[in-house]
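Hi,

Here is the structure I said I would pass on.

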Amino acid sequence: MQVTPEIKFHGVDRCPWVEGYIGGRVVRLERSREGITSCHVTLAKDQASHLKGNRFSVMVEVRLPPNHDLAVRKTKDIRDMPNQLAALINLAFGAIERQLKKTVELRRGDSSTPD
């Protein structure tokens, strides 16, 4: 990756394990797809009913030249912070990995449709 990843927290305290976990997922994303020039990850606590738990969202934005800006936002109600937040981060990064794979296939002209 040409630019270091940017991790933002909105309404959430910075935790070393969260930063480390997101950093690990960014490194894994970088290894799987070359050519990524920027990656922005935003972890936010959204407004929700107090009866349903705390609603969190993870947004992952990736730039792949030329002119490919991809973004994914996943939201989930979380009651058990360490376990469920890690699962939410995994959902967001899994979705962005699928988008990157499709984008790379389209750029190469590959078709993944079965014959």
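This is a predicted model: local features need pLDDT of at least 70, side-chain atom pairs count only at pLDDT 80 or more; totals for chains, interfaces and linings use all residues.

The chain is built from two helices and four strands, and their order along the sequence is β-α-β-β-β-α. Of the 115 residues, 34% are buried. If you count the contacts with a separation of 6 or more, 57% of them are between residues 24 or more positions apart.

Now the sheet. The four strands make an open sheet with mixed pairing, in the order E1-E2-E3-E4. E1 and E4 are the edge strands with a single partner each, so one side of each has no neighbour in the sheet. From one strand to the next, the twist averages 10°.

Which way do E1 and E2 run relative to each other, parallel or antiparallel? They are parallel, and five bridges join them. If you want a spot to look at, Phe-9 has Leu-43 in E2 as its bridge partner. E3 and E4, on the other hand, are antiparallel, with 11 bridges between them.

H1 covers residues 16-32, which makes 17 residues, and its first and last C-alpha atoms are 24 Å apart, close to the 24 Å expected at 1.5 Å a residue. Its buried residues are Val-18, Ile-22, Arg-25, Val-26 and Leu-29. Why do they fall on the same side of H1? Because they cover an arc of only 100° around the axis.

What do the buried residues of H1 pack against? Their partners are strands E1 (6-10), E2 (38-46) and E3 (54-64), plus helix H2 (81-108). H1 lies across E1, E2 and E3, at about 145° to E1.

H2 has 28 residues, which should span 40 Å at 1.5 Å a residue, and that agrees with the 40 Å between its end C-alpha atoms. H2 lies across E2, E3 and E4 and runs at about 155° to E4. After H2 comes Gly-109, with a positive phi near 85°.

Last, the inside. The largest nonpolar core contains 28 residues, and Ile-22, Val-58, Val-60, Val-62, Phe-93 and Ile-96 have the most contacts within it. The elements giving two or more residues to this core are E1, H1, E2, E3, E4 (68-78) and H2. H2 supplies the largest share, with nine residues. As general context, nonpolar side chains in soluble globular proteins tend to be buried together.

Leaving aside residues up to four places away in sequence, Val-60 touches Cys-39, His-40, Leu-70, Ala-71, Val-72, Ala-92, Phe-93 and Ile-96.

Cheers

Key:
Residues are numbered from 1 along each chain as its sequence is written. Side-chain values use heavy atoms; hydrogens and water are left out. The expected span of a helix is 1.5 Å times one less than its number of residues. Buried means under 20% relative accessible area, exposed over 50%, partly exposed in between (1.4 Å probe, protein chains only). The arc is that of the directions from the helix axis to the C-beta atoms. Contact means heavy atoms within 4.5 Å. A nonpolar core is a set of buried Ala, Val, Leu, Ile, Met, Phe, Trp, Tyr and Cys residues joined through side-chain atoms within 4.5 Å. Two strands pair if DSSP finds at least two bridges between them. Axes are lines fitted to C-alpha atoms, for helices over the stretch in contact, and angles run from 0 to 180 degrees between N-to-C directions.
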